[in-house]
Amino acid sequence: MSRTGIFLLTFLLNSTFSQNVSAATKAIAFGTLWDGHRVIANAVVIVENDKVQRVTAGDDIPAEAEVIDLRRYTGIPGMIDSHTHVTYYWDGAPDTTPRRQPPRHVAVTVFLAQQNAKKTLEAGVTTIRDLNAAGGADIAMRDLINMGAMVGPRMFVSGTGLRTYVNRPDITDPVAEAANQAKAVIDSGADWVKVFASTGGFDNVTGDQTMSYEEMKAIVDTAHAAGHKVAIHSYGPAAARDAIRAGGDTLEHATDMDDNTIAELARKKIWYVPTIDHNQYYVENADDVYKFAAGAKDNLRNYISRNFETARKAHRAGVRMLAGSDAVYNGFGLNMRELTWFVKLGMTNQQALQAATVLPAEMLGLESSIGSIAPGYFADIVGVEGDPLTNIDAVKNVRWVMKGGVVVVDKTGAFRPR
Ligand SMILES: [Zn+2]
């Protein structure tokens, strides 16, 4: 072992957490590191400012580096939640439910939703794709976070989702209007365009198609021409079929798809975000939080089983799937429960982890900057207790999170032996 290696070990064994928080170079030691592709024992990640400089075996630590000892934990890339609603805020006030709250100014929503953003980071999620918000609250949060004025995950946002323009007395040409509205949402600052192509949401598990194929096609073509991508919500199979035909980039929820539809999804390499766990979250909160009507839980459980079965078929057919929590209100912090369903439906633990790291990075077009721990990538790094490669539930035990070289969550103290 080199002298610096011996120095590192001595340093690690003798010191508590380094106090040198301003150091531009950090050396983060993990017992095990999964970098997005492979496992490295006793790895040390060298972080220079906001980027990973290199991953070493621990014998060439720069002398000036601040050493962070996370050897009790497994290091994984900062995770990516492909479907959130971070601006859906609820304070739990008496006599309210998440869906029955007094109206708020959008600036108040932006301020309050910081709590959702913080809980998201605490779940080990350093990037989210947020799909539907009112009044530009998502765009404001994205920009404030990018400026460093607000603490939260990197955000890729859709603004307000588009709904059908058919049967609206004020609109004579629904297809042209769909294209116009796609352009308008992009011009307002949205990264993505979100489309609601069917019913379904909260305690409503119907999946009736609400937007025509022609409208979807007009939106997709307009967005693609402007260099943007489209996420299409369909609870049921009919709108999913048309979403795939129209060339949507990601398909959300989409239950009861038949084999041909699933085969098309795989062939066209459209990303599938099944969001299985979000209905389990609704089951758990149906009575006390949402006060759903009697029967809602049975409907939700029935939908979950069909959603799960569809996702299992899709995985077997080679469809590329992403972890999306569809987190709302008090659901933040549970973001990565979806991975447990993914393992249950047949993914290996590594495949499930990749559905929350390297694959969504590719979906976002950021496969060279996030989703992996590798030289030149943003230093988005999470320390979890346990080994998610043998027990996927370990992703719920997040103890430490770095985003872009800055430590944003540190719960290591409570677990340090005295
Ligand atoms: Zn959603």
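**Note on the predicted model: helix packing, zinc site and aromatic contacts**

1. The axes of helix H5 (residues 174–187) and helix H6 come within 8 Å and cross at roughly 35°. Axes here are lines fitted to C-alpha atoms, for helices over the stretch in contact, with angles running from 0 to 180 degrees between N-to-C directions. Helices (H or I, at least four residues) and strands (E, at least two) are DSSP runs numbered from the N terminus. H5 passes H6 in a right-handed crossing, that is, the near helix is turned clockwise from the far one by less than a right angle.

2. This is a predicted model, in which local features need pLDDT of at least 70 and side-chain atom pairs count only at pLDDT 80 or more, while totals for chains, interfaces and linings use all residues. Residues are numbered from 1 along each chain as its sequence is written, and side-chain values use heavy atoms, with hydrogens and water left out.

3. On the H5 side, the residues that meet H6 include Pro-174, Ala-178, Ala-182 and Ile-186. Among their partners in H6 are Glu-215, Ala-218 and Thr-222. Contact means heavy atoms within 4.5 Å.

4. His-83 (NE2), His-85 (NE2) and Asp-326 (OD) coordinate the zinc ion at 2.0 to 2.1 Å. Donors are N, O and S atoms within 2.8 Å of the metal (3.2 Å for Na, K and Ca); water is not among the atoms, so the site may look incomplete. Along the chain the donor spacing is H-x1-H-x240-D. His-83 lies in strand E6 (residues 79–84) and Asp-326 in the loop between helix H10 (296–316) and helix H11 (338–344), so this pair ties together parts 243 residues apart in sequence.

5. His-83 is buried at a relative accessible area of 0%, and Asp-326 is buried at 8%. Buried means under 20% relative accessible area (1.4 Å probe, protein chains only).

6. Asn-116, in helix H3 (residues 114–122), is also buried, at 3% relative accessibility. Beyond its neighbours within four places in sequence, Asn-116 contacts Val-86, Tyr-88, Tyr-89, Tyr-329 and Phe-332.

7. There are 13 aromatic pairs in the structure. Phe-202 and Tyr-290 form a tilted one, 6.2 Å centre to centre with 50° between the planes. Rings of Phe, Tyr and Trp (its six-membered ring) pair if their centres lie within 6.5 Å; planes under 30 degrees apart count as stacked, over 60 as edge-to-face and the rest as tilted. Both Phe-202 and Tyr-290 are buried.

8. The charged end of Arg-99 sits over the ring of Phe-202, 3.7 Å from its centre. The criterion is NZ of Lys or CZ of Arg within 6 Å of the ring centre and within 35 degrees of the ring normal.

Definitions and conventions:
Buried < 20%, exposed > 50% of the residue type's maximum accessible area, 1.4 Å probe, protein only.
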